[in-house]
Amino acid sequence: MLFFVNKPDEKMLERIARTGGDEVKALLLAGDAVCFASPCWRERLEAMDVDAVYAAGDALAARKITASNLCEAVDYDEIVDLLLGGDEKVVSL
Amino acid sequence: MPKTLTILLMSGSAENEDAEFATRLAQAAVKKGHKVQMYLFGNAVNISKKEFPIQGDLHIQQRLVEHIEPTKCFGRVAELTKAGADVSTCHTNEHARGIESREYVEGVKWGDVGGTFAKYLMTTDVLLSVGH
Amino acid sequence: MINSLCLIVTKPLGAELSALGVRAAWACHQGGFATKLVYAEEGVDCLAAGEGYQSSMLADFIAADGEVFAVREDLARRGLDEAALPQGVAVVAAAQLAELCEECDTVNHF
């Protein structure tokens, strides 16, 4: 499941857990939600079965966030591929 | 293989980064050969209308102008429709904002959630909703 | 292709987004899409109203065999009585949400 997250509220993590259950999850972070790319969130995300985090590169750069090594910065072309390149269910938070 | 992405955008210009993200994403998808449908819902209807720029001195600090200008989406929406994206609005949300009779950005279409959005869904591979 | 949707309303009655959620659910249902409308977080407040636009839309949705759910933990957190919910709203535990979402091609929060 690919979770699109654009809000930085911790509530988003609860939504991911509720809607994703035990499924393996990937996150696509945009805007203020790129805060979840920070190393301080990594452990919690891994405990939620998040195995990949993709963060919009322009949003990371604007906030000077150094992403954890669970996270990959992506540009818009790559975001398109994430959304349309496979058969993952997309959950918009 | 080209797919169809429908973006349900529910934020307008300036209030957050949703509209900028959604329109830039849509541009990238169109450029890659995918079909894009965008339904402007809620505050997003405010990016469906042509901008009426003020003439003369803006009386805005230059650094604020430089901050604001890239976030405006009107030009990107026009580019999107010109490139083949299908962009429609919820006319009832326009009505709620008193802007229903104002001119649309070129290529944007009048719509409603029952007719337009549901119709978009019929040919959608991925639905992405972007709101706050 | 999308054939089924789970729309989750998380905003309270006064936020336009909650109305957008129920309107989208109605449109999808009428359009022939299998639609689950879920009220969660502050969205459960919408179920207490009893009258007004959203309540009437919800009544129409239920009358047209639309599936509506409310999250038990969120109802309890906000002091809402399950027995006072509109008829036709099924109460589910938060742990059941994943199953509801699994059954749908797309999940979207309002």
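I call a residue buried if 20 or more other C-beta atoms lie within 10 Å of its own. With that in hand I opened the model, which is a predicted one.

**Entry: chain B**

I looked up burial in chain B and found that 48% of its 132 residues count as buried. I then listed the secondary structure of chain B, which has 5 helices and 4 strands. Going along the sequence, I noted the order β-α-β-α-α-β-α-α-β for chain B.

Next I checked the extent of chain B. I read a box of roughly 45 × 30 × 25 Å for its C-alpha atoms, along the principal axes. The radius of gyration of chain B is 15 Å, and this agrees with the value near 14 Å that a compact globule of 132 residues would have. I also looked at contacts in chain B between residues at least 6 apart in sequence, and 78% of these join residues at least 24 apart.

**Entry: chain A**

I repeated the steps for chain A. I counted 4 helices and 5 strands in its secondary structure, and I wrote down the pattern β-α-β-α-β-α-β-α-β along its sequence. The radius of gyration of chain A is 12 Å, close to the 12 Å from the globule rule for 93 residues, so I put chain A down as being as compact as a globular protein of that length.

The C-alpha trace of chain A spans about 30 × 30 × 20 Å along its principal axes. Of its 93 residues, 45% count as buried. For contacts in chain A between residues at least 6 apart in sequence, I noted that 65% join residues at least 24 apart.

**Entry: where chain B touches chain A**

I asked how many residues of chain B are in contact with chain A. I found 18 residues of chain B in contact with 13 residues of chain A. On the chain B side, helix 1 (18-31) and strand 4 (126-130) each supply at least two residues. Helix 1 of chain B gives the largest share of that side, with 6 residues. I sorted the side of chain B that touches chain A by class and got 8 nonpolar, 4 polar and 6 charged residues.

**Entry: where chain B touches chain C**

I turned to the contact between chains B and C, which takes 13 residues from chain B and 14 residues from chain C. Helix 5 (113-122) and strand 4 of chain B each supply at least two residues of the chain B side. I recorded helix 5 of chain B as the source of the largest share, 5 residues. The side of chain B that touches chain C divides into 7 nonpolar, 5 polar and 1 charged.

**Entry: helix 1 of chain C**

I followed helix 1 of chain C over residues 16-30, and its 15 residues reach 21 Å from first C-alpha to last, close to the 21 Å expected at 1.5 Å a residue. Is this helix enclosed or open? I found 13 of its 15 residues buried, so helix 1 of chain C is largely enclosed by the rest of the structure. After the helix comes G32(C), and I noted that its phi is positive, near 90 degrees.

I picked one residue from helix 1 of chain C, L20(C). I count L20(C) as buried because 23 other C-beta atoms lie within 10 Å. Leaving out residues up to four places away in sequence, L20(C) touches M10(B), F41(B), G42(B) and F110(C). I also checked L20(C) against V9(C): the two are 11 residues apart in sequence and 8.9 Å apart in space, C-alpha to C-alpha.

How values were computed: Residues are numbered from 1 along each chain as its sequence is written. Chains are lettered from A and ligands numbered from 1 in the order in which they are written. This is a predicted model: local features need pLDDT of at least 70, side-chain atom pairs count only at pLDDT 80 or more; totals for chains, interfaces and linings use all residues. Two residues are in contact if their C-beta atoms, placed from the backbone, lie within 7 Å. Ala, Val, Leu, Ile, Met, Phe, Trp, Tyr, Cys and Pro count as nonpolar, Asp, Glu, Lys and Arg as charged, and the others, Gly among them, as polar. The radius of gyration is taken over C-alpha atoms; the globule rule is 2.2 Å times the number of residues to the power 0.38. A residue is buried if 20 or more other C-beta atoms lie within 10 Å of its own, exposed if 12 or fewer, and partly exposed in between; C-beta atoms are placed from the backbone. The expected span of a helix is 1.5 Å times one less than its number of residues.
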